[in-house]
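Visitor: Hey, I've just opened this one and would like a quick tour. Can you talk me through what stands out?

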Amino acid sequence: MEKVDVIKLPDKRLDRVLDKITKRISEKQTLCLRRLSNARKEEIQFGRFIANERVSMKALEEQLYGQMRNHCQSAHCLLIESDRRADTSKVGFSLERTIQGLGKVDKGQIQGFYLHPVLCIDAQSYGCHGIACVEFINRAWSRQVFSGMPPSGPRPRWMPPEPVRGKLPSRQAISTARSKTAFEEKEAYRWLSSIQKALLQCRQVPTKTVIADREADIYPLLTGLTALGVDYVIRARFDRSIQGGQTILEEVENWSEQSCYQLQVPASDTHSAHQAKVVIKYGAVVLKKPAGKSIHVQPNHHPTYIVEVKELAESVVNQEAPIHWLLLSSHLIDTTSIALQVIEWYKQRWNVEQVFRTLKSKGLRLES
C-alpha cells in the first residue's frame, strides 16, 4: 500500500505553512485567507504561500490522487462523473476583470470556471475512496472574440473561422461549425479524457464502472469506454436509432414490465425528495452510429443494454414530471436483480453533487 502523508514541496518551511492552512480549513470550514488567519501576519504568510511558484498544481494533484490510491482497495469501483449542465459544476465569481485567468460562465454574465471531477467509490459498500481525476474547464469569452476585442483565452475550435467584427454569429452558424468539429476537439471530450486519467489512479482495481448523467450520452464515449475495458451506466439523452429500423423508445415500448418497486428519490433541481413507485423494463439493443464526426474511426454498431425506470402517476408529488430514466449499460442485464443493481449504481451519481455542495453552499463557500 502506498503511503501518502503530505505534499513533497521543495522547502520544509512550505510544508509547515501548508500543514497550518490545511488544519485551519478543517477547523473553520472556509477558504477565505482572512478568516483562516488568526493575525495579519498569518494572512500575509498564507497569501505568499498561495502565490509561491514552487507550490505547483502538479504537487497538489499528486497529493489528492495519492490519498485515493492509498484508500482504494476495492474489487469493483464506480467512477462517477459530474454533469456540467448542472449549476453545481460551475464556480462563478463577479464580473471584476482584475481577476486574471478566468473564463466565462454560462452566457458570460459572470466569470469563473467549470470543474469536472471523477469521484471514486466502492461498488458494494458505496464508501468514498476519493477523487480520481479533476479537470478545470475555462471557457473563452466568445463575445469579445466576435466584437474584435482580445479574448481572455484560446478561441474554441467550434467557432466559425472568420468572425465579423462587431457582429455575433447566428446560432445556426455555431451549430454548423460544431457539427464539423470532431468529438476529440470538443469540450465534451473531457468525458473520456478524464476517465483515461482516472484509470491511472486505480490500476489495482480489477473492475471499473463509469457512472454519468445525460450529458455523457455520446456515441464515441460509449465505444471509447468499451475500448478501454471499462463498464458504464449512463442515462440516455437521445432517442437513438437502433438496428432494425426503430428507435430506443419504440423498442422499449414493446417490452413487458419486469418489476414494480419503491425508489427513494433525493431532492434535486427538478424533483422533490419522495418515495417513487416505479416499474422497470430491461433488455438489449444495438445502437447505430450517428452522423457525428470523430477523428478515430467509430464502429457502425454498438451493442448495449437498456434499463427503463418509469414512475407511476400515483406517487408523483407537487405536480412534478414523473421520473423516467433510460439507462445505457455495458453490464449483462438478464435478471431483475441485476437491473435493480444498475439502478442503484446510477443513483450513486448524486454523491458527486455533494462534492460541489461541500465546496460551495454548505461547506467551504468557495465562491465567497
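**A walk through the contacts**

Guide: Let's start at Ala182, which touches Lys293, Ser294 and Ile295, leaving aside residues up to four places away in sequence; contact means heavy atoms within 4.5 Å. The model is predicted, so local features need pLDDT of at least 70 and side-chain atom pairs count only at pLDDT 80 or more, while totals for chains, interfaces and linings use all residues. Residues are numbered from 1 along each chain as its sequence is written, and side-chain values use heavy atoms, with hydrogens and water left out.

Visitor: OK, how far apart are Ala182 and Lys293 along the chain, and what separates their C-alpha atoms?

Guide: They are 111 residues apart along the chain, with 4.7 Å between the C-alpha atoms. Ala182 sits in the loop between α6 (171-179) and α7 (190-201). Helices (H or I, at least four residues) and strands (E, at least two) are DSSP runs, numbered from the N terminus.

Visitor: Is Ala182 buried or exposed?

Guide: Ala182 counts as buried, at 2% relative accessibility. Buried means under 20% relative accessible area, exposed over 50%, and partly exposed in between, with a 1.4 Å probe and protein chains only.

Visitor: Zooming out, what are the totals for helices and strands?

Guide: The chain has 11 helices and 11 strands. Of its 368 residues, 45% count as buried. Residues 24 or more positions apart make up 60% of the contacts with a separation of 6 or more.

Visitor: Let's pick a helix. Why is α8 largely enclosed by the rest of the structure?

Guide: Helix α8 (residues 219-227) is largely enclosed because seven of its nine residues are buried. Those are Tyr219, Pro220, Leu221, Leu222, Thr223, Gly224 and Leu225.

Visitor: What do the buried residues of α8 pack against?

Guide: Quite a list: α7, β6 (207-212), β7 (231-235), β9 (274-288), β10 (301-311) and β11 (324-329). Just after α8, Gly229 takes a positive phi of about 80°.

Visitor: Which residues have a positive phi although they are not glycine?

Guide: Gln29 is one of them, at about 50°, and Tyr126 is another, at about 65°. Gln29 lies in the loop between α1 and α2, while Tyr126 is in the loop between β4 (110-122) and β5. Gln29 is partly exposed at 41% relative accessibility, and Tyr126 is also partly exposed, at 27%.

Visitor: Switching to α3: which of its residues are buried, and which are exposed?

Guide: Glu42, Glu43, Phe46 and Phe49 are buried in α3. They cover an arc of only 125° around the axis, which puts them on the same side of α3; the arc is that of the directions from the helix axis to the C-beta atoms. On the other side, Arg40, Lys41, Arg48 and Ala51 are exposed. The buried residues pack against α1 (12-28) and α2 (33-36).

Visitor: What does Glu42 meet in a salt bridge?

Guide: The side chain of Arg24, at 2.7 Å, N to O. Arg24 lies in helix α1 and Glu42 in helix α3, so the pair ties together parts that are 18 residues apart in sequence. Both residues are buried, and Lys20, Arg24 and Glu42 are linked in a salt-bridge network. A salt bridge here is a side-chain nitrogen of Lys or Arg within 4 Å of a carboxyl oxygen of Asp or Glu.

Visitor: How many salt bridges does the structure hold?

Guide: The structure holds 11. One of the pairs is Glu135 with Arg190, where the closest N and O atoms are 3.2 Å apart. Glu135 is in strand β5 and Arg190 in helix α7, so this pair ties together parts 55 residues apart in sequence. Glu135 is buried, at 3% relative accessible area, whereas Arg190 is partly exposed at 30%.

Visitor: Last one: which residues make the nonpolar surface patch?

Guide: Met57, Leu60 and Phe136 make it, and the patch is about 260 Å². Patches are made of residues with over 30% relative accessible area and no salt bridge, with like charges joined within 9 Å and nonpolar side chains (Val, Leu, Ile, Met, Phe, Trp, Tyr) within 5 Å. Phe136 lies in strand β5 (residues 128-137) and counts as partly exposed, at 39% relative accessibility.

How values were computed: Areas by Shrake-Rupley, 256 points an atom, 1.4 Å probe, with all protein chains shown as cover.
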